[in-house]
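Student: I have a new structure to look at. Can you walk me through it?

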Amino acid sequence: MLVFAASDKGGTGRSVTSANIAFRRALGGDDVAYLDFDFGSPTAAAVFDVPSAMGGIEQGGLHSYLQGKANEPTRLDVWAQTEHQLLRDRPANSGNLVLLPGDRSGGEFAVVKDTVSRCIDLFLRLDSEFDVVIVDLSAGRSYAMDMALDVTARPEMRGIGTHWLVYHRWTRQHVIAAAGLVFGPRGIITGGVARGHDEEELRGNIRFVRAAVPDPEAPPWSLVPPAQSAWMRKCDQELHRLAADREIGFTAILGAVPLEPVLQWREQLITDEDVLSSRVANVETLIALQDLADKLDDDEAWGPV
């Protein structure tokens with residue numbers, strides 16, 4: 001299963017949430033590969049606490065491979081190379097968790113025929129080797145997104161399950177931007193159909209993920225002064241209407257992650273110990289991340305909306 005993580009804006013929680021989804025699937029026994037396709041800023045290794053690839057690697061990363069400068073992209077075993085104290089001993093019954101980083105000085109690059117061929121070969125091999133392959137794309141309409149749409153439309157990729165997760169924060173700007181990225185004139189659907197995707201099938205494979213969502217009915221927000229509380233509830237209702245109008249309402253979302261201080265201050269993997277032992281993270285966040293991970297292959301969560 002290929003899962004593409006996209007967003008129209010930066011700061012949506014795309015990478016940190018996707019990394020936590022990968023982590024949760026690996027904890028459940030799946031073999032998981034995480035590809036850093038954020039070519040302009042390949043920093044996914046920071047979430048996994050892999051110091052050798054902070055900001056990408058010097059050579060042999062995904063940039064090098066896709067541009068024909070390396071025969072194979074570098075693979076990093078997260079369990080073996082992380083500096084996360086709680087993950088140094090691989091959890092019992094966990095699956096493989098592998099990071100494919102980008103190159104430190106890579107940057108965005110144009111997609112040509114050879115690039116597409118290399119990407120197809122990579123996706124096919126990884127899909128046969130791993131249960132879940134998560135591809136973290138650059139924000140906005142990027143070369144990486146165009147390549148993903150092009151590659152997944154090719155005949156060689158038929159039969160491989162493909163999902164798109166589009167991340168946005170719970171604000172007016174982010175709701176509008178996320179809807180535009182998918183449904184706009186140059187959005188995912190238009191771009192996908194132009195490359196040969198079936199529109200209905202592509203729509204059915206796209207879901208939205210809301211990140212950093214405050215709950216006006218729960219502490220600390222429910223404890224604010226009455227005037228402020230009423231204003232927050234009004235804003236929340238307006239956002240729900242806006243999301244519905246833009247076709248990213250309840251039926252189109254896969255889930256939401258609450259506003260979490262740990263993820264705001266230090267983008268990291270949320271472990272059970274962070275919730276149950278040190279209590280630096282909230283149990284609601286852990287539940288939300290596990291729910292997202294579980295829904296990746298839940299047929300009831302996908303299909304026409």
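This is a predicted model: local features need pLDDT of at least 70, side-chain atom pairs count only at pLDDT 80 or more; totals for chains, interfaces and linings use all residues.

Student: Which residues touch the most other members in the largest nonpolar core?

Tutor: L35, F37, F123, L137, W164 and I188, out of 51 residues. A nonpolar core is a set of buried Ala, Val, Leu, Ile, Met, Phe, Trp, Tyr and Cys residues joined through side-chain atoms within 4.5 Å. A second, separate core has 44 residues, including A53 and L254.

Student: Now the helices. At what angle do helix 7 and helix 10 pack?

Tutor: About 10°, with their axes 10 Å apart. Helix 7 is therefore roughly parallel to helix 10, a label for angles under 35 degrees.

Student: Which residues make the contact?

Tutor: R172, V175 and I176 of helix 7 meet L239, L242 and A243 of helix 10; contact means heavy atoms within 4.5 Å.

Student: And how do the rings of F183 and F208 pair?

Tutor: They form a tilted pair, 6.2 Å centre to centre with 40° between the planes. Rings pair if their centres lie within 6.5 Å; planes under 30 degrees apart are stacked, over 60 edge-to-face, and the rest tilted.

Student: Is F208 buried or exposed?

Tutor: F208 is buried, at 1% relative accessibility, whereas F183 is partly exposed at 27%. Buried means under 20% relative accessible area, exposed over 50%, and partly exposed in between (1.4 Å probe, protein chains only).

Technical notes:
Residues are numbered from 1 along each chain as its sequence is written. Side-chain values use heavy atoms; hydrogens and water are left out. Axes are lines fitted to C-alpha atoms, for helices over the stretch in contact, and angles run from 0 to 180 degrees between N-to-C directions. Helices (H or I, at least four residues) and strands (E, at least two) are DSSP runs, numbered from the N terminus. Angles under 35 degrees count as roughly parallel, over 145 as roughly antiparallel, 65 to 115 as roughly perpendicular and the rest as oblique. Rings of Phe, Tyr and Trp (its six-membered ring) pair if their centres lie within 6.5 Å; planes under 30 degrees apart count as stacked, over 60 as edge-to-face and the rest as tilted.
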